[in-house]
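Please look through the structure below before reading on.

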Amino acid sequence: MDKEKLVLQLFDLGVLQFGQFTLKSGLSSPFYLDFRRVVAYPETLKHISDQLWELIKELDFDHLCGVPYAALSLSSAISMRHNKPMIVKRKEVKKHGTKKMVEGIYEEGEKAVVIDDVISSGISMIETLEVIEDEGLEVDYVIAIVDRMQGGVSTLEKQGYEVKSVYTIEEILNILHKNNKVDDHTYKLTLEFIHNNQIGYDKLRLQRNVVPKLSYSTIKINTANEITKRLLTIIESKQTNLCCSADVNTKKELLELAEQVGPYICMLKTHIDTVADFDSELIVKLKSLSQKYNFLLFEDRKFADIGHIAKQQFTSAPLNIADWADIVTVHVVAGSSSIDALRSTEQLDTTGLIVVAQMSTEDTLTSRDYTKEALKIAQKHQDVVVGIVGQNKRPRDAGLMMFTPGIKLEAGGDAHGQVYNTPQEAFEMRGIDVMIVGRGIYQSENPAKKSAEYKQVGWKSYLKRLGLEE
Ligand code: 5BU
C-alpha cells in the first residue's frame, strides 16, 4: 500500500483525529494521533510496518526496540516479518526476579534501532534511549511513523541520533487536505499550532533530571589516579570548580592574571605557545603562584600528531611541558597510540592527561561516535587519564572527570564558532565537574571579582545538582 492510501486508511480508522485534545503535557492540541488503535487492525499494522521497514532495511543493526506501548506492536510486526530479533524496554522496573530494564538477549556493543509511533518533544524516545544505552547497547538510528514537527527530531539530532520518519505531520495534512478529509480551517489551524508549539532542546532538558549525581568525594573514591585525587582535594578544600583559561599573550599579563584569579580557581589553563616572551622564568613564577594559591597548572596543548611527534612535543625544549604541567590535553584522533606514546616518556606520574572527546564549536567534527570512542580510550587508560573534555551529558563513569569549556555567565557565541553555555546549564543539566572560562574572566574589567563570581555560581550549581541547595 502506498503512503497516501495508508494515510487515508489511518484517517478512516480514527488513528488521525482532528478536534480539540488535551495532550500529556497539558497542552490543548487541534489534532491527535492514536496509533494504539492500530492493534485492532492487523492489515493496517502490516502496512505501517512495511513503511517502517523501508526506512531501516539497509541499516546495520542487531535488534529492534519499540518504545512502550504504542510501538511494541510495530516492532513485533517488523521483527516477525523480517526475522530481526527484538528487545523490549520495560516501562516499569520489575519488583521480582532480574530487575532487568531491557528484556531480550543481547550483548554489550550490539546495535539497536529504536521505533516510536510519534515523535513530538522527543522525551519518551530519550528516556528509552538512556535505558538501553545504559545496558551497553548502541543506538545510531531512531525511527517513527510521524514526526509532529515540534522540535523532537532536532533534539534527537543534537544528541547525535539519525532520525527517520515515514511522514511529517505536514505531509499527512497535505494528503488529507488534498483528499478533502480536512477543511481549510483545520488545515491552517493545525499548521499554526505546530508552528507555535515548538518544544526546544533546552526547555526539555530543564524539565528532566537525568544527570548522574556524582559528588567530588564519590569520584575521589572511584579513581586510582593520583593527579585526579590532587585536583579533587583542591576543588573540595577551596570549594571551586572553576578553571581559568588564561589566554593572554605576554608573561606579564599571564602572571598578573594568575595572581588575580589564583584564590578562586582549581586550575589555571594555559596555551603556553601563545606567550610571546615565554622563558623558563615564567614557569618558575607560575609554579610558585600555583603553590601559593593551591591550583594545578593545565597546559591545553591538545597533542594530536603521531605518537613519535607527540612525545617530543611533550618533552622537548623550549617549552618542556612535561616538566611543569600538572595536566595536559590530548586528542585521540590518531588513536590510543597517542596515549601510549606519552606514557612511554615515563612522565605521566606527574602529568595527568585529559582526552578531548568533544569540542565546543558549532561545526565540530567530533561526532557522537567519535566522542564515544574517545571516552572508551580514556576509560581504558584511567591510570594516566584524569578525564575528558566534553560538552554533552557527563558519562556515568565515576573514575573520570568531565571538563567543559565554552562557558560564560551569559550563553551565546563568538565570531569564530565558539558556543557558550552557562555554568548552571553545565553543572545542573549536564553534570560536568569543572568549567573552563577564558574571555568571560580575562576580558572583564576586574578578573579577580569576575572569577569570584564564577566560583560562587559554579559551586552553587554543583550543590544544586546534588540536591543540597535549592
Ligand atoms: P573562552 O575564551 O572561554 O571561549 O576560551 C575557551 C578556552 O577553552 C580556549 O582556551 C580554548 O582553547 C579551550 N577550548 C574550547 O574553547 N573548546 C574546546 O572544545 C576545547 C578547548 Br577542547
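In this predicted model, Ile169, Glu170, Leu173 and His177 of helix α6 meet Tyr187, Thr190, Leu191 and Ile194 of helix α7. By type, the residues of this contact divide into five nonpolar, two polar and one charged. Helix α6 covers residues 169-178 and helix α7 covers residues 184-196. Their axes are 11 Å apart, and the two helices pack at an angle of about 175°. An angle over 145 degrees counts as roughly antiparallel, and therefore α6 is roughly antiparallel to α7.

Helix α1 is made of residues 3-12, and helix α2 of residues 42-56. Here the packing angle is about 140°, with the axes 11 Å apart. On the α1 side the contact is made by Lys3, Leu6 and Gln9, which meet Thr44, His47, Ile48 and Gln51 in α2. Two of the residues in this contact are nonpolar, four are polar and one is charged.

Leu257, Gln260 and Val261 in α11 meet Pro447, Ala448 and Ser451 in α19. The contact of α11 with α19 has four nonpolar residues, two polar ones and no charged ones.

Now consider the chain as a whole. The protein chain is divided into domain 1, residues 3-207, and domain 2, residues 216-465. Taken over C-alpha atoms, the centres of domain 1 and domain 2 are separated by 40 Å.

The next topic is the ligand. Which residues come nearest to the ligand? Of the 16 residues around it, these are Met359, Ser360, Pro405, Gly438 and Arg439. Strand β18 (434-437) and helix α18 (439-442) each supply at least two residues of the shell around the ligand. The shell divides into six nonpolar, seven polar and three charged residues.

The last topic is the backbone. Most residues other than glycine have a negative phi, and most peptide bonds are trans. A cis peptide bond joins Pro68 and Tyr69, with omega about -10°. Tyr69 lies in the loop between strand β3 (63-66) and helix α3 (70-82). Another cis peptide bond runs from Ala317 to Pro318, and its omega is near 5°. Pro318 is in the loop between α13 (307-315) and α14 (321-324). Asn83 lies in the loop between α3 and strand β4 (86-89).

How values were computed
Residues numbered from 1 in each chain as written. Predicted model: local features only at pLDDT ≥ 70, side-chain atom pairs only at ≥ 80, totals over all residues. Axes fitted to C-alpha atoms, helices over the stretch in contact; angles between N-to-C directions. Helix = DSSP H or I, 4+ residues; strand = E, 2+ residues; numbered from the N terminus. Contact = placed C-beta atoms within 7 Å. Nonpolar A, V, L, I, M, F, W, Y, C, P; charged D, E, K, R; others polar. Near = placed C-beta within 6 Å. Domains from an automatic or database assignment. Parallel < 35°, antiparallel > 145°, perpendicular 65-115°, else oblique.
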